[in-house]
Amino acid sequence: MTEMILLKLGELVLKGANRYTFEDKLKSNLARRLKSHGKFRVYSRQSTTYIEPLSDECDMDAAYDAAKKVFGAVGVSRAKACAKTKEAMLETVRTYLAGNLVGEKTFKVESKRADKSFPMTSIQLSQWVGGELDELYPNLHVDVHNPALTIHLEVRDYAAFVHADPEPGAGGLPVGTSGRAMSLLSGGIDSPVASWMMAKRGIALEMVHFYSYPYTSPEAKEKVLDLARLLTPWTGRLIVHVVPFTHIQEELRRACPEELFTLLMRRFMMRIAEGMARRTGCRALVTGESLGQVASQTMDAMAVTGAVASLPVFRPLVGMDKEEVVRIARKIGTFETSILPYEDCCTVFTPRHPRTRPHLDEIEAAEAVLDVEALVQEALDATERVKIG
């Protein structure tokens, strides 16, 4: 029988009557991510999702890597299917896991008998296969507490499966099961991580990026699009709305107090992001703000900038320190791109002494000299839409 990929479901199995909605979304997300690697059949049985290649041309290595980045599964294994007899399972262990068997010193066998018609209990099957392997391989010794190799046997409805220790899956919920949100994507470390974290909770994302040419370079814009490309193995296809922001920043510099510049700029960003969200059917905003990290992310500052939004604002990094954020950025592959030395619009006209404890009335008074609605509409109408993935 053929080699397959098995995905162990996480919190999806705790869902009630709508569990199959989550499983169906996981399967459709997998099918879409696997499409470029060959023809696969994706289906679910007994709290496990199976990826079965339908031809020899399938790239199993690429499919396995892709499956580990699809939210919804906590464990991913490459497994070999075989007949549901103890002899067939033993032989499959010897052939399929040959490299593991000769390269390790300690092992144990763990069995799961989902098909209760199988004549042996899980413990009996593990003991029989483990005993045979102990005799066949002098280098191996049973260690049920801390083995170097764990051999997994699963007796399921139509076949048995043999595999070694599963690798961690992406976890979370399938993208698309928790609605859509608009994420503010800068060129820094934080916003890609915030986007990834909300995608992990099942949110389908669109991105909005604010571009201040000629104060920021074309390379800065391309850097952000590269960050979006790095996120797509996790999030699926993305649309990045690139908003021209130069005119708004120049108007702020011309007419508003310097110490309020960053706060006023962020209020415009929130208005524009919400306008774009409503155009595209998104029901929330996502930012990479972390409490106290910079002057515009104090409690008072976030209250002022968030006051212009009527949609929910998700801030998944709000209680995290920089070290935690960097660790996730390295894990998901965005860190090296985020630290490239191309500045984004947030660094344009940075005030020397930014206000950290602003009052809403003074912010609104500073904005009163501007035609806020016209500036927001102008930016929305000039937005460039870039498809990624």
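Analyst: Helix α8 (residues 246–255) packs against α14 at an angle of about 155°, and their axes are 9 Å apart. An axis here is a line fitted to C-alpha atoms, for helices over the stretch in contact, and angles run from 0 to 180 degrees between N-to-C directions. The angle makes α8 roughly antiparallel to α14. By the cut-offs, angles under 35 degrees are roughly parallel, over 145 roughly antiparallel, 65 to 115 roughly perpendicular, and the rest oblique. His247, Ile248 and Glu251 of α8 make the contact with Leu375, Glu378 and Ala379 of α14. Contact means heavy atoms within 4.5 Å. These residues divide into three nonpolar, one polar and two charged. In this scheme Ala, Val, Leu, Ile, Met, Phe, Trp, Tyr, Cys and Pro are nonpolar, Asp, Glu, Lys and Arg are charged, and the others, Gly among them, are polar.

A word on the source. This is a predicted model, in which local features need pLDDT of at least 70 and side-chain atom pairs count only at pLDDT 80 or more, while totals for chains, interfaces and linings use all residues. Residues are numbered from 1 along each chain as its sequence is written, and side-chain values use heavy atoms, with hydrogens and water left out. Helices (H or I, at least four residues) and strands (E, at least two) are DSSP runs, numbered from the N terminus.

Helix α14 (residues 372–381) also meets α9, with axes that come within 10 Å and cross at roughly 55°. That makes α9 oblique to α14. Their crossing is right-handed. A crossing is right-handed if the near helix is turned clockwise from the far one by less than a right angle, and left-handed if anticlockwise. On the α9 side, the contact includes Phe268, Ile272 and Met276. On the α14 side, Leu375 is one of the residues in this contact, and Leu375 also touches α8. By class, the contact of α9 with α14 has eight nonpolar, two polar and three charged residues.

Now the sheet. It is open, with six strands in the order β14-β13-β10-β11-β12-β15 and mixed pairing. Two strands pair if DSSP finds at least two bridges between them. β14 (313–314) and β15 (384–388) stand at the edges with a single partner strand each, so one side of each has no neighbour in the sheet. Inside the sheet, β10 (residues 180–184) and β13 (residues 285–286) run parallel and are joined by two bridges. Ser183 has Val286 in β13 as its bridge partner.

Two helices pack on this sheet. Helix α6 touches β10, β11 (204–211), β13 and β14, and its direction makes about 165° with that of β11. Helix α9 (residues 261–280) touches β10, β11, β12 (238–244), β13 and β14, and its direction makes about 150° with that of β10.

Helix α6 (residues 190–200) has a helix partner too. Its axis comes within 10 Å of that of α7 (residues 218–235), and the two cross at roughly 15°. α6 and α7 are therefore roughly parallel. Pro192, Ser195, Trp196 and Ala199 in α6 meet Leu227, Leu231, Trp234 and Thr235 in α7. This contact has six nonpolar, two polar and no charged residues.

A cis peptide bond joins Tyr213 to Pro214, with omega about 10°. Most peptide bonds are trans.
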